[in-house]
Amino acid sequence: MISSMLAFIFPLLMALAACSDLLTMRISNALVAAVVAGFVIVALVVGMSPALIGMHLAAGALVLAVTFTLFALGWIGGGDAKLAAAIAMWMGFEFMLPFLLYAAVLGGVLTLALLIGRRWALPGPLLGVGWIQRLHHPKTGVPYGIALAIGAMLVYPQTLIYERLVTNQAVQQTLLDQLG
């Protein structure tokens with residue numbers, strides 16, 4: 001039961017990040033902090049060694065260094081930079097590259113779709129919807145948090161954390177079956 005709930009922490013946080021970025025073009029520091037705290041809590045619960053947790057934190061630090069450089073160049077937003085680093089903690093070095101590749105491809109598709117969509121006027125009924133107007137405006141950036149969240153969710157089921165949560169759930173279910 002607990003493993004099931006813990007397995008949904010990361011997907012829930014990714015859904016919140018994607019929705020937040022879509023609707024407000026912002027990813028709050030509190031949400032990024034929740035992603036980081038969620039990693040630390042779940043990593044401890046699933047029994048990751050301190051050394052392995054350190055390696056996952058190092059993966060996040062590496063991504064933060066790169067993404068903050070991209071932020072300084074004006075290529076991505078600060079929220080996107082921090083979210084990518086927080087997600088990298090969950091992925092570790094083992095799954096960091098697949099996550100970043102998925103996010104890059106999905107981000108490119110999203111950017112292209114927005115650029116094409118912004119060439120046409122919004123239909124009348126959508127003119128009164130604030131977040132759609134903001135998304136359609138040519139000076140507005142791209143809600144890259146959507147691509148980051150989807151890329152993360154494509155890789156998450158392969159991660160050690162998810163594997164251990166599922167294994168723990170199976171062990172718990174076996175115990176419950178034997179007791180019942």
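Rings of Phe, Tyr and Trp, the last taken by its six-membered ring, count as a pair if their centres lie within 6.5 Å. An angle of over 60 degrees between the planes makes such a pair edge-to-face. The structure discussed here is a predicted model.

**Aromatic cluster**

Ring pairs join F10, F39, W90, Y156 and Y162 into a cluster. Across the whole structure, a search finds six aromatic pairs.

| Pair | Centre-to-centre distance | Angle between planes | Geometry |
|---|---|---|---|
| F39 and W90 | 6.1 Å | 70° | edge-to-face |
| W90 and Y156 | 6.2 Å | 70° | edge-to-face |

F39 belongs to helix α3 (residues 29–45) and W90 to helix α5 (residues 78–117), so their pair ties together parts that are 51 residues apart in sequence. Both F39 and W90 are buried.

The second pair reaches from helix α5, which holds W90, to the loop between α7 (145–155) and α8 (160–179), which holds Y156; it therefore ties together parts that are 66 residues apart in sequence. Here too, W90 and Y156 are both buried.

Partly exposed residues fall between the limits of under 20% for buried and over 50% for exposed. L62 has a relative accessibility of 42% and therefore counts as partly exposed.

Terms used: Residues numbered from 1 in each chain as written. Predicted model: local features only at pLDDT ≥ 70, side-chain atom pairs only at ≥ 80, totals over all residues. Heavy atoms only, no water. Buried < 20%, exposed > 50% of the residue type's maximum accessible area, 1.4 Å probe, protein only. Phe/Tyr/Trp six-rings, centres within 6.5 Å; stacked < 30°, edge-to-face > 60°. Helix = DSSP H or I, 4+ residues; strand = E, 2+ residues; numbered from the N terminus.
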